[in-house]
Amino acid sequence: MSVVLTLDLGTSTVKAALWRGHHLLGLERASLLTVHTQPGFAEQEPASWWEATLEACAALRAVTVADFAGIETVAFSSARETFGCFDADLEPLGTGLLWSDRRAAVEAELLGDPEEFRAVTGVRLTAGCTAAKVAWIASHEPARFAAIRWILSPRDYVLARLTGEVVTEPTMASRTGWYSLGDTPLCGDSLARRLPTMRTATARFPITDAACAALGIGAGAAAIPGAGDRACEVLGSGAAPNTPMISWGTTANLSVPHDGPVGALPTVAQVSRRWDTGFVVEAGLSAAAEAISWLAQLTRTPVDAVWSAAAATAPGADGVRCQAWFNGARSPWWEADARAAFSGLTPESGLGPWSRAVVESVASDVARSIEVVAPGAAALMLVGGGAANPVWRSILGGVTDLPLVERRSAEAASVGARLLAAMSTGLPLGVDAVNPVVALHRPDRDLVEQYRMLRPEFDATAERFLGR
């Protein structure tokens, strides 16, 4: 049976997972450090993407020694809209800009009409758009821009370090704003020559002997680009048009597979390319675990205690309301200038109401997004760290009034990368073999009714903060 290494390059961690056939043998993580040098800036050292990959692989190799050496394929999943600038030798030119970086508001306005831009590219034209952030570099750091040979996502950079091939694929490229939804390049020659060559998600590239040695695997292994995190999660969760995927991670994301064609795609959401010829309709929220972590740090309370406090608080959070818009109000509002806020606080408001209000805020934006991009949803596929969290499941089910499907592994992005590795070799391997359904969580009817009564107030409070 084939041995596959999947690498999931996220915002805060790199996850390395080892698979033999459809069995997960082990998964290890290495942290990534984000710095905020100015308000709105979110940066990482590009070299850390490679270093964290090696660190995660070393930890995984330590617990799967015999199998690790026999790796045949390395496959990727990756956060999108994060990039670094590199010279011809793949040396970083300054810090990398994360998807959450919001420095390029002016440049975004100069890229054209937001609705026209979204219709053509599928990308919401905000300060976080890759095209806008590169335009910011060209305007504010012209010497740096002039020195750029390659503009690469973390996945593209690590793949180049492994194989010597500087390539990307449609699921990542479709989130930059430089391509139409039909994969037609939209940028000029000056920028186009700095972009990696487009290949398919399952194209195989030999890993160099030096890279094999660095990872600790045998010579002769190959790597495939894999896909962006949302596309991999859709694949690894078995999501369908009537069973969209909801992930809980740094942010929460609702993703719905769509077969196309381009003319049949929804006009009210973001859209990206799927690993094949299809698409993913996306409703990405502003924050999820990031908001819980912020509250834990603010109150000097362990994250588990924050969740326990939320569970011990009644629906409605004792009148406390939160808008968890830590990176602007994203789906379904799309108000980039909005900020996180609390209301309804009293001297008696403790950790419980604060934490419950945060989770209710995220769940409410999920419910609103479902109504926009998946109004016929019959259930939700749970992925990410929240899939095993009973507090998140309870509140999400109550707010959305939908059953929640839980699969064996919440690491759907890694599962999706594993399935793409199988496709690259022609091996028939389905999601139910790799990641079977283990539970169906039906919403509590009393909780559904309580949230049905609260929904008008939730909506009115959110709209009031947006000035609507």
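Trainee: How many salt bridges does the rule give in this structure?

Mentor: The count comes to 28 salt bridges, a salt bridge being a side-chain nitrogen of Lys or Arg within 4 Å of a carboxyl oxygen of Asp or Glu. This is a predicted model, in which local features need pLDDT of at least 70 and side-chain atom pairs count only at pLDDT 80 or more, while totals for chains, interfaces and linings use all residues. Residues are numbered from 1 along each chain as its sequence is written, and side-chain values use heavy atoms, with hydrogens and water left out.

Trainee: Why is the pair R368 and D365 called a salt bridge?

Mentor: The closest N and O atoms of R368 and D365 are 2.7 Å apart; the limit is 4 Å, so the pair qualifies.

Trainee: What separates R368 and D365 by about one helical turn?

Mentor: They are three residues apart in helix α14, and therefore about one helical turn lies between them. A helix here is a DSSP run of H or I with at least four residues, numbered from the N terminus.

Trainee: How do you know whether R368 and D365 are buried or exposed?

Mentor: Buried means under 20% relative accessible area, exposed over 50%, and partly exposed in between (1.4 Å probe, protein chains only). R368 has 8% and D365 has 5%, so both count as buried.

Trainee: Which classes do R407 and D432 fall into?

Mentor: R407, at 8%, counts as buried, whereas D432, at 52%, counts as exposed. Their salt bridge has its closest N and O atoms 2.9 Å apart.

Trainee: Which residues touch the most other members of the largest nonpolar core?

Mentor: They are I246, V362, V373, L380, W392 and L396, in a core of 48 residues. Such a core is a set of buried Ala, Val, Leu, Ile, Met, Phe, Trp, Tyr and Cys residues joined through side-chain atoms within 4.5 Å. Helix α14 (residues 351-373) gives the most to this core, with nine residues.

Terms used. Helix = DSSP H or I, 4+ residues; strand = E, 2+ residues; numbered from the N terminus.
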